[in-house]
Amino acid sequence: MDRSGTTSGATRRTFIAGAAAVGSAAAGSAAALTAGAPAASAAPRAPRPSVAVLGGGVAGLTAAHELAERGLPVTVYERRALGGKARSMDVPDSGRGGRRHLPAEHGFRFIPGIYHNLPDTMRRIPFPGNRNGVWDNLVAPPEMSFARTGREDLRIPLPWPGHRPADLTLDEIRRALIAFLDTVTHIPPHETAYFAGRGLVFLTSCDERRDDAWERTPWWEFIRAGRMSYDYQRILAVGLTRNIVATKAEEASTRTVATLLEAFVFNALGRGADGPLDRVLNAPTNEAWIDPWVAHLRSLGVEFRVGWTLRELAYGDGRITGAVLEDPSGARRTVTADHYVSALPVEHARRTWGPALRAADPQLARCDALQTDWMTGIQFYLTERAPLLHGHLNCIDSPWSLTAIQQAGHWPHRDFPRDYGDGSAVDCLSVDVSEWDRSGILYGKTAKQCTREQVAREVWAQLKAALNDTGRTVLKDSALHSWFLDPGVDGLGTPEPTNDDELLIHPVGTFHNRPTAATAVPNLHLSGDFVSVDIDLATMQGANASARAAVNSLLDQIGSPAERCTVKPLFRAPELEQLKRHDRTRYRLGLRNLFDLG
């Protein structure tokens, strides 16, 4: 591994693909010479199959990366901007005096230690001065918080070998102790014990029970949240799922939520982890990751067509015959390739599958049952650094289920006022709004019913209600420089608001409608966070793993000798496997899990 960040894995893949091609050509030449024919008359090597990757988000860029390393010619078609929902973006016309525009994003990045496939890709993206490429741009916040409205906020340290604990003042230590004792006294011991018992039930459940019974059971019902105290509901039911799994406790399947919580528990224990529980990038996403990635892919020969929108996958004679795209001028053009990787979000991808294609592979039609919802970011730029914690905070009592992180403190190589905006903004408070259909505290309207200005005012009010509530003024109106709401949201305050970047959600039964990367159409392969992979959640890790599976499907179809992509599953604790085997027997006999007392 050299200082540029190019790893031995990338070199090995490239070498194997090249060696296979060279070996094939050499064998042909040797055969011709043996037969007495001159070397020049040897049959030319067959052209490498071309690939059109349709979508330039994490899934599309991952597919292009893996294919290019194996020597296949790749063209990526992206309708808007490379990086998709993972990208950062500029606040238009905000830069002054030679500074960059203020950095904005669809939502803050969260790359936990349970991810393995995505970090592997990041290690293979060169970055100047980084031994491990872009992966070295990950930093680990030392704490997180459940921000309570009207009560002290619960601060939770995130220990990891080599971590330095967050520096706390005496007042902050006092408040942390009050919050801990307050939480302990408000969640009755029998409820805490019950929650732990439900965790034990899932940990020892066999895969069949997880895929059937627990996939059909909402998390809220599995942990009996409706019968428990308010704090049990807000912290253990809602808080954990919002902050860690980014889904709705009332709707999401137990299989989805508990699988991820299980992985995070082992991550916190240092088992099967790529790194600390919580990691963020040390600069705006495009600077730290996406732009270096695109530059690396170009160096591997990948071509990009930005501003091209896929309208339909043309199908005939059992194959995809072309991709009908709208080019930047608005003209429709049909692009042909030997193979096609559909790397669009499910709500966009399924619009491109016509009746004949759906009939060719029923799993495409089942994708109509997959559901999406709104989870969108808004950024507040501050002229004073707010005295918040050094990590993520979850405003678990907020009507709009807000989660947030103050970013400049995690960007050690950036001087925010020197590098961004007009020089007066010193930080960016990035907030995710997860609940768009519940009334707020300021206007009494849902987020969708509010105008963009009203959304900003309402979110700011809910943040202040959660943070300025115990004798401290954490957020000051006078320190608010400006705000930026994701431009993918449109029509707010009208009867028909739209969101161009919805998030796949996981209500009960979702698992059984997710397609595989390989389809019944031999030259069509699916990637995206809706594709069935080991991590059953709409994540960058899922997008990355599905792209690897799509590339493997393509390599199988063309009979390539190239090394297949590694798709590493979530960690499974070996000491639990015997209990899971025992539970499999009980499940097949129609019996409850051994630890399931109801």
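Are Phe-195 and Trp-219 buried or exposed? Select the two residues and you will find that Phe-195 is buried, as is Trp-219, where buried means under 20% relative accessible area, exposed over 50% and partly exposed in between, with a 1.4 Å probe and protein chains only. Keep in mind that this is a predicted model, in which local features need pLDDT of at least 70, side-chain atom pairs count only at pLDDT 80 or more, and totals for chains, interfaces and linings use all residues. Residues are numbered from 1 along each chain as its sequence is written, and side-chain values use heavy atoms, with hydrogens and water left out.

Now show the rings: a search of the whole structure finds 13 aromatic pairs, counting rings of Phe, Tyr and Trp (its six-membered ring) whose centres lie within 6.5 Å, with planes under 30 degrees apart called stacked, over 60 edge-to-face and the rest tilted. The rings of Phe-195 and Trp-219 have centres 6.2 Å apart and planes at 85°, so this pair is edge-to-face. Because Phe-195 lies in helix 5 (residues 189-203) and Trp-219 in helix 7 (residues 219-222), the pair ties together parts that are 24 residues apart in sequence; helices here are DSSP runs (H or I, at least four residues), numbered from the N terminus.

Finally, select Arg-198, which lies over the face of Phe-222 at 4.3 Å from the ring centre (CZ of Arg, or NZ of Lys, must be within 6 Å of the ring centre and within 35 degrees of the ring normal).

Definitions and conventions:
Helices (H or I, at least four residues) and strands (E, at least two) are DSSP runs, numbered from the N terminus.
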